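Dear colleague,

Please find below the sequence and structure for your review. My notes on the fold follow directly after.

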Amino acid sequence: MSAVHRSIPSTAAPAAATPGGVGPTGDTAQSTADVVPAAEAIRPLFGGARVERIAVVDPQLHAQLLRIWTDVSNAGGWVGFIPPVQAADVEPALDAALVRVHDGRDWLVVVRASPGPDAPPDDGARTGWRDVAGFAFVAANDRLLSEHWRWVLRVQVHPEHQGAGLGAVLLDGLGDMAQDEGLEMLHLTVRGGEGLESFYARAGYHEVARIPGAIRVAPGDDRDQVVLVCRLGERGTQRTS
């Protein structure tokens, strides 16, 4: 699939770590077409990263996504599992999400980091971009009167790539894609008590609701579920194409 490259200044500041997030609807996601329009598919961003919307996941990318999700879970990221987990524990959830991606109902958005000049070649050498460093899903809310917004699910960056601001770049590119599709808002939820709200606030997500004790991490360890909303037209960033 050919793609039109669009440069967009990234406003993301490097973060010490990139947390994971999950929406209340689980592994559902939605997109508007089986084949992603070329202009929407690839978003090069300043800062040595690129955000892509993927319509079809091949076995190699499947393995990358599974490794990221497993390793992020074991590093304590809130992406649907309580560590420790094995790849076999995570794979059914990944496969269920990808069924909807391949059916054209989902968005899978990935972030790639650009290799340095001395980096060894990998499967991205043909295009000059490295393997996927992180990903997120965009999910339909399945409500006929709420078509103007979507859930963002499973936001995660592999621990090897955390600290470089790639999570913020991923959210920034994902927001641009959603705005181009005519969406007005993106919603996500985070687990309270982890300091995640400040990370997402830098990407334009602000708390609108909090459900006390909705998440039971372990017996006697209940956490709030915090609902965050990004109003895409109010992000206040300047775009160039």
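Where in the chain is confidence lowest, and where is it highest? This is a predicted model, and its confidence is lowest in helix 1 (residues 38–41), at a mean of 48, and highest in helix 2, at 97. Over the chain the mean pLDDT is 79, with 71% of residues reaching 70 or more.

Two further stretches call for caution. pLDDT stays under 50 over residues 123–127, for which the model has five contacts beyond four places in sequence. It also stays under 50 over residues 237–241, with eleven such contacts. Where pLDDT is low, the predicted coordinates should not be read in detail.

Helix 2 spans residues 59–74; its 16 residues reach 23 Å from the first C-alpha to the last, close to the expected 22 Å. Its buried residues include Leu61, Leu65, Ile68, Trp69 and Val72, but also His62, Gln64, Thr70 and Ser73. Just after helix 2, glycine 76 adopts a positive phi of about 100°.

Beyond its neighbours within four places in sequence, tyrosine 205 is in contact with residues including Val152, Leu171, Tyr200 and Cys230.

With kind regards

Methods
Residues numbered from 1 in each chain as written. Predicted model: local features only at pLDDT ≥ 70, side-chain atom pairs only at ≥ 80, totals over all residues. Heavy atoms only, no water. Helix = DSSP H or I, 4+ residues; strand = E, 2+ residues; numbered from the N terminus. Expected span 1.5 Å × (residues − 1). Buried < 20%, exposed > 50% of the residue type's maximum accessible area, 1.4 Å probe, protein only. Contact = heavy atoms within 4.5 Å. pLDDT = per-residue confidence, 0-100.
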